[in-house]
Amino acid sequence: MANHVVATLGDGRVTTQKLEALGWGLFFVWIGIALLVNLGWGVGILGVGIIILGVQMARRYMAMQLDTFWVVVGTLFVLAGIWELLSVRVSLVPIVCIVAGAVLLVSALAGKPKG
């Protein structure tokens, strides 16, 4: 069974489950608006990233633990949205792969040996 952290916001109680439901609700409403109005990929992806990061900011505000995975995913969505809006000619995927590989290499070489 999942551990549901409870935080208080004003005089109400907010669980991680409610916060996640709020985030998913905003996600689907945003996707519906973006498709209905034909906002384009850049604005759509940027909006998704903002929603993901907004949920993580709400978690932090309510003294809940941040989910590092979703912070990274939200940041990548924001970067991809901006990348698309600016019509950068170089693909973002190879750059993300290079940066991720470099971070892994540095962490492996600079990390303390276990044992």
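Colleague: On what basis are the values given, and how are residues numbered?
Modeller: This is a predicted model, in which local features need pLDDT of at least 70 and side-chain atom pairs count only at pLDDT 80 or more, while totals for chains, interfaces and linings use all residues. Side-chain values use heavy atoms, with hydrogens and water left out, and residues are numbered along each chain as its sequence is written, starting from 1.

Colleague: What pattern does the protein follow along the sequence?
Modeller: Helices (DSSP runs of H or I, at least four residues) and strands (runs of E, at least two) are numbered from the N terminus. The protein has four helices and two strands. Read along the sequence, they give β-β-α-α-α-α.

Colleague: What percentage of the residues is buried?
Modeller: Buried means under 20% relative accessible area, exposed means over 50%, and partly exposed lies in between, with a 1.4 Å probe and protein chains only. The protein exposes about 8800 Å², of which carbon and sulfur atoms supply 71%; the area comes from the Shrake-Rupley method with a 1.4 Å probe. Of the 115 residues in the protein, the buried share is 22%.

Colleague: What share of the contacts with a separation of 6 or more joins residues 24 or more positions apart?
Modeller: Contact means heavy atoms within 4.5 Å. Among contacts in the protein with a separation of 6 or more, residues 24 or more positions apart account for 49%.

Colleague: Why is α1 described as roughly antiparallel to α2, and not as parallel?
Modeller: Axes are lines fitted to C-alpha atoms, for helices over the stretch in contact, and angles run from 0 to 180 degrees between N-to-C directions. Angles under 35 degrees count as roughly parallel, over 145 as roughly antiparallel, 65 to 115 as roughly perpendicular and the rest as oblique. The axes of helix α1 (residues 16-37) and α2 come within 10 Å and cross at roughly 165°. The pair is therefore roughly antiparallel.

Colleague: Is the crossing of α1 and α2 left-handed or right-handed?
Modeller: A crossing is left-handed if the near helix is turned anticlockwise from the far one by less than a right angle, and right-handed if clockwise. By this convention, α1 passes α2 in a crossing that is right-handed.

Colleague: How many residues of the contact of α1 with α2 are charged?
Modeller: Ala, Val, Leu, Ile, Met, Phe, Trp, Tyr, Cys and Pro count as nonpolar, Asp, Glu, Lys and Arg as charged, and the others, Gly among them, as polar. The α1 side of this contact includes Glu-20 and Trp-30, and the α2 side includes Val-43 and Arg-59. By class, the residues are 11 nonpolar, four polar and, as charged, two.

Colleague: How are α2 and α3 oriented to each other?
Modeller: Helix α3 (residues 68-85) packs on α2 at an angle of about 155°, with the axes 7 Å apart. The crossing is left-handed. That angle is why the pair counts as roughly antiparallel.

Colleague: Which residues does Val-43 contact outside its sequence neighbours?
Modeller: Val-43 is in helix α2 (residues 41-61) and is partly exposed, with a relative accessible area of 28%. Its C-alpha atom is separated by 8.0 Å from that of Ile-82, 39 residues apart along the chain. Leaving aside neighbours within four places in sequence, Val-43 is in contact with Trp-30 and Leu-85.

Colleague: How many nonpolar residues are in the contact of α3 with α4?
Modeller: α3 and helix α4 (residues 92-110) pack at an angle of about 145°, with their axes 11 Å apart, and the crossing is right-handed. Leu-76, Leu-79, Ala-80 and Trp-83 in α3 meet Leu-92, Ile-95 and Val-96 in α4. By class there are no polar and no charged residues, and the nonpolar ones number seven.

Colleague: Is Met-57 buried or exposed?
Modeller: Met-57 is found in helix α2, and its C-alpha atom is 9.2 Å from that of Val-71, 14 residues apart in sequence. Because its relative accessibility is 60%, Met-57 counts as exposed.

Colleague: What is the phi of Ala-63?
Modeller: Ala-63 lies in the loop between α2 and α3 and is exposed, with a relative accessible area of 70%. Its phi is positive in a residue other than glycine, with a value near 60°.
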